[in-house]
Each structure stands twice: as C-alpha cells, then as structure tokens.
Amino acid sequence: MALTDTYKLNNGVVIPKIGFGTWQNIDQAESATAAAIKTGYRHIDTAAVYENEEPVAKAIHESGVPREDIFITTKLYNTERGYKTTLAAFEKSMARLNLDYLDLYLVHWPANPAVGENWAETNAETWRAFEELYDAGRIRAIGLSNFSVPYLTELMKTVRVAPMVNQIEFHPGYMQQETLQMSHDLGIVVEAWSPLGNGRVLTDPVLVEMAARYGVSVAQLCVRWCLQHGTLPLPKSVSADRIAQNADVFGFEISTEDMAAIDALPETGFSGLHPDRVTF
Ligand code: A2P
C-alpha cells in the first residue's frame, strides 16, 4: 500500500485511500493544503461550511500538479438542502473552487426529524439535484456524509443513482459499526472524518502502549486502523511534519488481535455530533 493507492467507487471512479481533511482550518488552509500536496496527498476534502474552499483551491491550483491528478471533494451545507437550492449552492462552491468539474460532492448532513417532519422528502429532493449534476457530468461521483442507518435506509428507497461514498465520524472509540456494515453492504466507500478523534484519542493508554510496540505514533496507528477496516481516513493537521507523519502508515501492519483490541475500546473521543440530534 502507498499514499497514492486507491479504492474503486461503485461507478468505477478511483479515489486515493487517504485524503487530507481541512475542517476547522481557515487561516492555514492554503499552507496546510500546499504542504499536503507536497507530501504526496492527492485527495483533498473541503466543504462550503468550512469557509476555506477558496484558500484550499488556491493551494491546489498553484501546486503545479495537474488538475486531473488531484481528487477534490466538497459538501453541500444543511442550509441549502432541497432541489433548486442545491443546484445554486453547487455553482457557488464551483466558483469559489474555480473548477470546471468536481470529483466528489457530498450531502454534508441528512435532514432529520429535529429540523422538520419533511426530512425524508428533503433528503430525496437534495439527492435528485445531485443525480442531475452527476448526469450532466459536472461531478465524477456523488455521496453522503453522516448518513447513519435510518437516513441511509430511507434515502435508498428513492435513489436513481446509488451513492458512492458515506463520510462518517470513524476513529478508535467511535466506529459506528452498523453504518459501516450497511454502507459496505451497499457497495458504498466509507470515509472517516476525524480519524484521530480530533486529537482526543491520542492519549488513550491502550493506544499509547500499542503504538509504542509498533514504533509508530498514536496518530499513525489510528490512520492505519481506518485503512485496515477498509475505510478512507481524512486526517487533518496544520503542521507539515504531522501532515507527513499521518501519511507514513505503510511500513507496519496492525495484527488481527490488536485490531480487535482497538475495536473493543469503550466509547472514546466522540465529537457529540449525532445525525439524530444535530439541529443545524
Ligand atoms: P495540528 O493541526 O496542530 O496538528 P482529526 O483529523 O481526527 O480531526 O484530528 C485533528 C487534530 O489532531 C488537530 O488538532 C491536529 O492538530 C491534531 N493532529 C493531527 N495530526 C497529528 C499528529 N500526527 N500528532 C498529534 N496531533 C495531531
């Protein structure tokens, strides 16, 4: 395995197995993205709500790497759900990104009963716009984010084009087994946001002891654990050293026994952001 290895999506498009995450990074989004590309990352994940599509895109455009060699993801924010609003929001993201096609567009969060009783219809209408953009060749792949089992189940009743990706919170101490299983059963690639538990799992004593045994950092152990579960980690950092470290995960393999020990950790490092409970 190497940083440029890919998963194949259910429409045949290939996606690099590790992406560079940019959530919570506005001021250093450009420098961090530039460092990631220099390190060899070829998959960059942004979102309209991160307010960094412009600096992230600037780093991509100025990297000297051909456009077609970089896989770019952005996401539709919750305030823009619905058919027409999605089409308009997509154009705004594309203008900020200064792109003529996008690699992957994700529905950032499902509408849920906490935001309105028409949540299922809203998600279906949003997806109809995604399908149209996909059919028109504006996007190479379309997918979801934070769609746990009930939302995925409901959406699958009306999709014409099946989603290719589901990006969920996934790290040691919070692995959402049922969503992982259902996504994989449907042929959907699972991307892991906050694969380091946003830094909260890095001091876990079980992980600290295990990482020392492998001669790696806990961050590297977490990224590797995601890969060995067949998920696509999106680690993020503002530091060039840590960006490089998080991609240096191909020189060791976690044993079956240690994978099981990590899987058995009690809930640790959960962000608190649950698709049933968020009201944004
Ligand atoms: P920093 O940007 O200063 O490196 P996640 O990707 O799970 O959301 O985690 C991101 C958090 O983890 C950030 O606070 C980031 O801080 C920190 N982080 C990223 N990589 C490493 C690493 N290799 N070692 C320690 N902390 C890291």
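1. A pocket, as the word is used here, is an open set of grid points where a 1.4 Å probe fits, with protein on both sides within 12 Å along at least five of seven lines. In this predicted model, the largest pocket holds about 320 Å³ of space.

2. The lining of the largest pocket is made up of 20 residues. Those nearest its centre are Leu196, Asn198, Lys236, Ser237 and Val238. By class, the lining comprises eight nonpolar, 10 polar and two charged residues.

3. Which helix supplies the largest share of this lining? Helix H9 does so, with three residues. Strand S3 (20-21) and H9 each contribute at least two residues to the lining.

4. The ligand is located in the largest pocket. Around the ligand there are 15 residues, and Leu196, Lys236, Ser237, Arg242 and Asn246 come nearest. This shell consists of six nonpolar, seven polar and two charged residues. Helix H9, which spans residues 240-247, gives the most to the shell, namely three residues.

5. Several distances between the ligand and the protein deserve attention. An oxygen atom of the ligand lies 2.7 Å from a polar backbone atom of Leu196. For Asn198, a polar backbone atom is 2.9 Å from a ligand oxygen atom. As for the ligand's surface, the protein covers 77% of the 570 Å² of accessible area that the ligand has on its own.

How values were computed:
Residues are numbered from 1 along each chain as its sequence is written. This is a predicted model: local features need pLDDT of at least 70, side-chain atom pairs count only at pLDDT 80 or more; totals for chains, interfaces and linings use all residues. Side-chain values use heavy atoms; hydrogens and water are left out. A residue is near a molecule or strand if one of its heavy atoms lies within 4 Å of it. A polar contact is a pair of N or O atoms within 3.5 Å; within protein, one must be able to donate a hydrogen and the other to accept it, and residues adjacent in sequence count only if both atoms are side-chain atoms. Accessible areas come from the Shrake-Rupley method with a 1.4 Å probe; for residues, only the protein chains shown count as cover. On a 1 Å grid over the protein atoms alone, a cavity is a set of points where a 1.4 Å probe fits but cannot get out, and a pocket is an open set with protein on both sides within 12 Å along at least five of seven lines; lining residues have an atom within 4 Å of a point. A molecule sits in a cavity or pocket if more than half of its atoms lie within 2 Å of its grid points. Helices (H or I, at least four residues) and strands (E, at least two) are DSSP runs, numbered from the N terminus. Ala, Val, Leu, Ile, Met, Phe, Trp, Tyr, Cys and Pro count as nonpolar, Asp, Glu, Lys and Arg as charged, and the others, Gly among them, as polar. Grid points are joined across faces, edges and corners, and a volume is the space filled by probe spheres set on the points.
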